[in-house]
Amino acid sequence: MSRVVVMGGSRGIGLETVKALLERGHDAIAFSRGANSLPLDHPRLTRVSGDATNAADIRAAVKDVDAVVQALGVPVSLKLFTGPIDLFSSATRILVPIMEDMKIKRLIAVTGFGAGDSEAAINCVQKVPFNIVFGRAYRDKSAQEALIKNSTLDWTIVRPGVLTNQRLKRPYRVRTKPSEWRNGLISRAAVADYIASAIDDSATIAAEPVLAN
């Protein structure tokens with residue numbers, strides 16, 4: 001089993017990923033500013049409080065790990081609409097060289113449907129409202145993806161569709177081919193389940209699946 005640090009591990013997909021990793025027998029490190037208040041207790045869980053854009057915090061968090069899950073998010077606020085948003089690219093610009101320097105190869109990053117190459121798959125009707133609401137965040141997610149793809153890491157980029165809080169239901173759709181990419185609903189628990197299953201799966205390296213039912 002692997003020792004995995006989850007960046008953004010105290011809420012949302014990050015928290016669900018921590019749970020999924022523990023269920024599969026991995027050691028999980030929940031890293032976030034609010035990690036100490038994480039409402040979860042497990043003998044294989046470690047809480048590390050820190051800032052995803054602070055190099056010293058990142059180095060301390062990833063020491064002796066086998067893999068990193070980057071599941072960062074920004075709160076819904078006026079800044080989401082007015083910007084600028086640079087959390088995703090800024091955190092990745094710090095994380096990638098640290099992982100390369102410390103010889104940690106495995107990175108799974110959560111971005112979203114509409115980031116990177118998947119932008120071309122957005123329905124024309126959806127494109128205008130998508131850009132108005134999420135454009136700033138997703139342009140930064142696209143920059144994040146480019147940094148990851150230009151690295152030497154064994155990466156997987158996970159692009160969920162519209163997120164829900166439903167309980168995990170299998171099977172869920174993993175759309176691996178660009179011709180299959182489309183938006184749809186997917187639970188945070190399903191995204192987390194996929195991430196946990198992909199940690200030690202070499203077939204997912206350099207994959208860019210869209211998760212949407």
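The model is predicted: local features need pLDDT of at least 70, side-chain atom pairs count only at pLDDT 80 or more, and totals for chains, interfaces and linings use all residues. Residues are numbered from 1 along each chain as its sequence is written, and side-chain values use heavy atoms, with hydrogens and water left out.

**Overall fold**

- The chain holds six helices and ten strands. Helices (H or I, at least four residues) and strands (E, at least two) are DSSP runs, numbered from the N terminus.
- Of the 213 residues in the chain, 49% are buried. Buried means under 20% relative accessible area, exposed means over 50%, and partly exposed lies in between (1.4 Å probe, protein chains only).
- Among contacts in the chain with a separation of 6 or more, 69% link residues 24 or more positions apart. Contact means heavy atoms within 4.5 Å.

**Helices α1 and α6**

- Two packed helices are described by the angle between their axes and the distance between the axes.
- Helix α1 (residues 12–23) and helix α6 (residues 188–198) have axes that come within 8 Å and cross at roughly 50°. Axes are lines fitted to C-alpha atoms, for helices over the stretch in contact, and angles run from 0 to 180 degrees between N-to-C directions.
- α1 and α6 are therefore oblique to each other. Angles under 35 degrees count as roughly parallel, over 145 as roughly antiparallel, 65 to 115 as roughly perpendicular and the rest as oblique.
- The α1 and α6 crossing is right-handed. A crossing is right-handed if the near helix is turned clockwise from the far one by less than a right angle, and left-handed if anticlockwise.
- From α1, the residues in contact are Gly12, Ile13, Glu16, Thr17, Ala20 and Leu21. They meet Arg188, Ala189, Val191, Ala192, Asp193, Ile195 and Ala196 in α6.
- By class, this contact of α1 with α6 has eight nonpolar, two polar and three charged residues. Ala, Val, Leu, Ile, Met, Phe, Trp, Tyr, Cys and Pro count as nonpolar, Asp, Glu, Lys and Arg as charged, and the others, Gly among them, as polar.

**Helices α2 and α4**

- The axes of helix α2 (residues 55–62) and helix α4 (residues 87–101) come within 10 Å, crossing at roughly 45°.
- α2 and α4 are therefore oblique to each other, and their crossing is right-handed.
- Ala55, Ile58, Arg59 and Val62 in α2 meet Ile94, Leu95, Ile98 and Asp101 in α4.
- The contact of α2 with α4 has six nonpolar, no polar and two charged residues.

**Strand β6**

- Strand β6 (residues 154–160) is mostly covered, with six of its seven residues buried.
- β6 pairs with strand β5 (residues 106–110) in the parallel sense, over five bridges. Two strands pair if DSSP finds at least two bridges between them.
- Trp155 in β6 stands opposite Leu107.
- β6 also runs parallel to strand β10 (residues 210–211), joined by two bridges. Here Pro160 has Leu211 in β10 as its bridge partner.

**Single residues**

- His26 lies in the loop between α1 and β2 (27–32). His26 counts as buried, at 3% relative accessibility.
- Not counting residues up to four places away in sequence, His26 touches Met1, Ser2, Leu21, Arg44, Ala196, Ile199 and Asp200.
- Ala146 lies in helix α5 (residues 124–149). With a relative accessible area of 35%, Ala146 is partly exposed.
- Ala146 and Gly116 are 30 residues apart in sequence, and 7.6 Å apart in space, C-alpha to C-alpha.
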